[in-house]
Amino acid sequence: MLIEILTRNMDKKPVLLTFLSAQPGLHTRGNEISVDGLKMIVGDSYIYITTKDWEWGEKIVPLLFSIVPHAYASSHFEPVSDQRILVTAAARPLPEIMERLTLLEHLDLEAQELAGQFQVHWQSRDVAVSCPVSLMIQGGVAVAKIKFITHFRDAEYHCRQVISQISLAEVLRVFTPEVATAREKPRVGTLTISSRKFITPACFAEFLNNYKGQILYLEQEDALRAFFDPAGHLTFRQNASQIETELYLEKPEILTEELHQQLTASLGFSELTIHRTIDKISLEPDLLIKDLKFKKEPQFHLFTRSGTFLATYNIKERQMELTASVELGVKEALNRVVLIYRAMESFTGAVLKISR
């Protein structure tokens with residue numbers, strides 16, 4: 001396998017040099033820096049990296065992403081990267097590759113030739129990164145051209161989260177057996193506090209006219225969004241004769257007494273949902289029952305745990321959901337939100353610690 005990575009973003013030079021300086025076998029000569037298994041050439045307007053180990057590619061690719069403010073929305077950010085990757089590797093059998101292609105341009109099974117395209121996608125709420133790949137195979141050798149395209153914008157936290165999901169190995173596994181097939185690491189979703197309801201246009205207008213924070217119009221969604229914090233907002237969408245109103249918070253501290261009053265008295269919210277999803281997590285039944293206090297449900301693949309919040313684990317799908325509801329009208333509602341939020345954070349740590 002040979003992986004070639006090219007970027008013209010010279011701002012990434014310090015990041016790459018800092019990363020390579022901590023690696024074994026560091027050697028420099030002129031504009032060429034090498035470590036065990038990787039070589040980097042720094043030109044006047046480009047950085048060119050080559051390696052024969054997919055593990056190096058897995059580490060380098062995320063480093064070549066940046067998070068920048070969106071040009072037309074100061075509260076939003078977007079991930080960017082100009083890197084281009086060329087991979088030459090042994091190819092999988094053509095039938096295994098064909099089922100993953102989104103476009104088949106050429107196929108000759110007798111000559112073992114194939115040309116086509118496929119795409120891998122990662123997302124964190126509204127922001128996403130897709131990886132379109134052009135693939136050619138001849139004589140058992142695969143050549144893939146790889147690039148990255150970013151979509152939409154969101155809070156800086158979600159940009160970091162989507163970059164953390166990006167995996168060159170996930171792309172390479174589609175067409176070459178040279179990449180280890182270890183199970184994916186658990187993907188921990190954002191712990192959110194949310195609610196949704198319909199309000200009257202008059203109530204909507206009164207809220208916006210008296211709101212002192214930032215308000216943006218989201219053209220692609222045809223929605224208005226009032227920001228409390230980069231990690232919290234209210235989104236309003238027209239729906240027939242009513243306004244669909246969606247609350248989204250990522251930190252319980254945003255839910256102040258003032259905001260609580262606005263939600264209940266002005267907008268009529270009565271309940272909040274606290275939720276997190278953990279995907280690609282492997283837990284054995286004995287650990288679920290003995291260590292995490294889950295109970296087996298009659299449904300074959302389902303385990304649940306009740307208490308401060310409800311935890312549900314589907315052993316077949318390798319997915320866990322944590323959820324709880326809080327009535328806003330009860331005494332100490334805000335303290336209860338914080339209590340449940342912290343309990344979910346602690347439980348998530350315990351689950352990840354014993355997952356395999």
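Which backbone oxygen does the side chain of Gln 161 reach? The close-ups below, taken from a predicted model, begin with that residue.

**View 1. Gln 161 and its partners.** The side chain of Gln 161 reaches the backbone oxygen of Val 188, at 3.2 Å. Gln 161 sits in helix 4, which runs over residues 156–165. Its side chain also makes a polar contact of 2.5 Å with the side chain of Ser 124. Beyond neighbours within four places in sequence, Gln 161 is in contact with Ser 124, Val 188, Gly 189 and Thr 190. Gln 161 has a relative accessible area of 12% and therefore counts as buried, the cut-off being under 20%.

**View 2. Ser 282 in a loop.** Ser 282 lies in the loop between strand 20 (271–279) and helix 8 (285–291). Is Ser 282 buried or exposed? Ser 282 is buried, because its relative accessibility is 3%. The side chain of Ser 282 makes a polar contact of 2.9 Å with the side chain of Arg 318.

**View 3. Helix 1 meets helix 2.** The axes of helix 1 (residues 13–21) and helix 2 come within 10 Å. They cross at roughly 145 degrees. The crossing of helix 1 and helix 2 is right-handed. Helix 1 contributes Val 15, Leu 16 and Phe 19 to the meeting. From helix 2 come Trp 56, Lys 59, Ile 60 and Leu 63.

**View 4. The buried face of helix 2.** Helix 2 covers residues 54–63. Buried here are Trp 54, Trp 56, Gly 57, Ile 60 and Val 61. Seen down the axis of helix 2, these buried residues fall within an arc of 135 degrees, so they line one face of the helix. An α-helix has 3.6 residues a turn, so residues three or four places apart point the same way.

**View 5. Helix 9, end to end.** Helix 9 spans residues 333–354, 22 residues in total. At 1.5 Å a residue, helix 9 should span 32 Å. Its end C-alpha atoms are 32 Å apart, so the model agrees with that expectation.

View 6. Which residues of helix 9 are buried? They are Ala 333, Leu 334, Val 337, Ile 340, Tyr 341, Met 344, Phe 347, Thr 348 and Val 351.

Methods
Residues are numbered from 1 along each chain as its sequence is written. This is a predicted model: local features need pLDDT of at least 70, side-chain atom pairs count only at pLDDT 80 or more; totals for chains, interfaces and linings use all residues. Side-chain values use heavy atoms; hydrogens and water are left out. Helices (H or I, at least four residues) and strands (E, at least two) are DSSP runs, numbered from the N terminus. Buried means under 20% relative accessible area, exposed over 50%, partly exposed in between (1.4 Å probe, protein chains only). A polar contact is a pair of N or O atoms within 3.5 Å; within protein, one must be able to donate a hydrogen and the other to accept it, and residues adjacent in sequence count only if both atoms are side-chain atoms. Contact means heavy atoms within 4.5 Å. The expected span of a helix is 1.5 Å times one less than its number of residues. The arc is that of the directions from the helix axis to the C-beta atoms. Axes are lines fitted to C-alpha atoms, for helices over the stretch in contact, and angles run from 0 to 180 degrees between N-to-C directions. A crossing is left-handed if the near helix is turned anticlockwise from the far one by less than a right angle, and right-handed if clockwise.
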